[in-house]
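Open your viewer and get ready to select residues one by one. Each stop tells you what to pick and what is there.

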Amino acid sequence: MLSVIGILFLLIVIISILFINLSPQFGGKANKEELKRYSQSKQFKGEEFFNLGDVKNDMSAGDMVKALGGLFKKIPNAVPDSQLPITELDSAHVANYNGGTQFIWFGHSTFLLQINKLNILIDPMFGAVPAPHPLLGTKRFNTKLPLSIAQLPHIDAVILSHDHYDHLDYQSIVQLKEKVNHFYTPLGLGVHLKKWGVAATNITELDWWQNTSIADLTLTCTPAQHFSGRGLNDKNKTLWSSWVIESTTERLFFSGDSGYGPHFKTIGRKFGEFDFAMVECGQYNKMWPEIHMFPEETVQAGLDINAKLIMPIHWGAFKLAQHTWTDPVERAVRKAKELNVPIITPQIGVPTGIYKNKPTVETWWQNY
């Protein structure tokens, strides 16, 4: 019996090693030339990227075990009772849109932003499971999306915040790459994209505070407080970031994943006011307060960056922490009301304009 157990264990180890080393989902690795380029960044030390002030971004072994166990723990209302309501869109109407700035939320942190006649995808995760294999993650709350990848219009730019599976999805990139003009990422993510067949000439990697232009828009890679990695030995080998998107008349902010920190006030001081901010709110836990915000901090971050209007994101699609699926938005709405911060909570798939006046909060989730 012991021999059989030993053989089974050895087989599992061998299969795991082969899976990690041969599966394209894990992405690429930087070569010497790329590492030399990263070394010019103030955030890169030795062979890793670091947070401002060296804020820690790892957990103890005990907390890691608790966190992994929590993913499979039965928590009341951790997922919706039924499929979420998804507004399925007319692809031709979306493709031909030429009005004012609007966005379509796909749940979690994925957006189609339509601004100045450009189509911009932000953290395009269209997959069913945020993991390298379907058996290793929890399923999306809804099987349908407002638009499938095939139905999306031609994409002028994809903006990526970091390389975690719930933000950078292998299958999504493979299916998208032929209809995307250019990818914009923080330092290091290009190794994954190139591994997946994206031409190097179609990738721009930026360090924090660097910017680039697309038509009459300016994209600035800004700080976040998080970490990166897709496998067992690549932690913090790529940078993580937030993003500022500016036109001649509007300024938008996308937080990516981030714990609460002084970088929000720094961004606010540097850029002035933001017309709209998409701010992380969800998948938090007291075991990792440095890398994900609690909902009350989400609202404070909106104040710190001087946002006229905020939207809580990083919720509504996956169970990645031990809180109810509606807790993030409910707590954020309460705090926003307390601090008199304008907030919107649109339903997944509803085209939404950048409002000029204080909007009404929609509570569509209450029936699910």
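This is a predicted model: local features need pLDDT of at least 70, side-chain atom pairs count only at pLDDT 80 or more; totals for chains, interfaces and linings use all residues.

**Stop 1: threonine 238**

Select threonine 238. You land in the loop between strand 10 (217-222) and strand 11 (242-246). Is this residue buried or exposed? Its relative accessibility is 4%, so threonine 238 counts as buried, because buried means under 20%. Now show what surrounds it. Leaving out residues up to four places away in sequence, threonine 238 touches Phe49, Asp163, Leu187, Gly188, Leu189, His192 and Ser228.

**Stop 2: histidine 108**

Jump to histidine 108. This residue sits in the loop between strand 3 (102-105) and strand 4 (111-115). Its relative accessible area is 1%, so histidine 108 is buried too. Which side chain does histidine 108 join by a polar contact of 2.8 Å? Select aspartate 166: the contact runs between its side chain and that of histidine 108. Next, display the other neighbours. Not counting residues up to four places away in sequence, histidine 108 also touches His167, Gln283, Ile313, His314, Trp315, Ala317, Phe318 and Leu320.

**Stop 3: the aromatic rings**

Now turn to the rings. How many aromatic pairs are there? The count comes to 19. Start with phenylalanine 141 and tryptophan 325. Their pair is edge-to-face, with 5.9 Å from centre to centre and 75 degrees between the planes. The pair links distant parts of the chain, 184 residues apart. Phenylalanine 141 is in the loop between strand 5 (118-122) and strand 6 (155-159). Tryptophan 325 is in the loop between strand 14 (310-313) and helix 9 (327-339). Both residues are buried.

Tryptophan 364 lies in the segment after strand 15 (352-353), so the pair ties together parts that are 39 residues apart in sequence. Check the accessibility of each partner. Tryptophan 325 has 3%, so it counts as buried. Tryptophan 364 has 9%, so it counts as buried as well.

**Stop 4: charges over rings**

Two selections remain. Pick lysine 45 and phenylalanine 50. The charged end of lysine 45 sits over the ring of phenylalanine 50, 5.5 Å from its centre. Then pick arginine 230 and tyrosine 165. Here the charged end of arginine 230 sits over the ring of tyrosine 165, 4.0 Å from its centre.

Note on methods: Residues are numbered from 1 along each chain as its sequence is written. Side-chain values use heavy atoms; hydrogens and water are left out. Helices (H or I, at least four residues) and strands (E, at least two) are DSSP runs, numbered from the N terminus. Buried means under 20% relative accessible area, exposed over 50%, partly exposed in between (1.4 Å probe, protein chains only). Contact means heavy atoms within 4.5 Å. A polar contact is a pair of N or O atoms within 3.5 Å; within protein, one must be able to donate a hydrogen and the other to accept it, and residues adjacent in sequence count only if both atoms are side-chain atoms. Rings of Phe, Tyr and Trp (its six-membered ring) pair if their centres lie within 6.5 Å; planes under 30 degrees apart count as stacked, over 60 as edge-to-face and the rest as tilted. A charge sits over a ring if NZ of Lys or CZ of Arg is within 6 Å of the ring centre and within 35 degrees of the ring normal.
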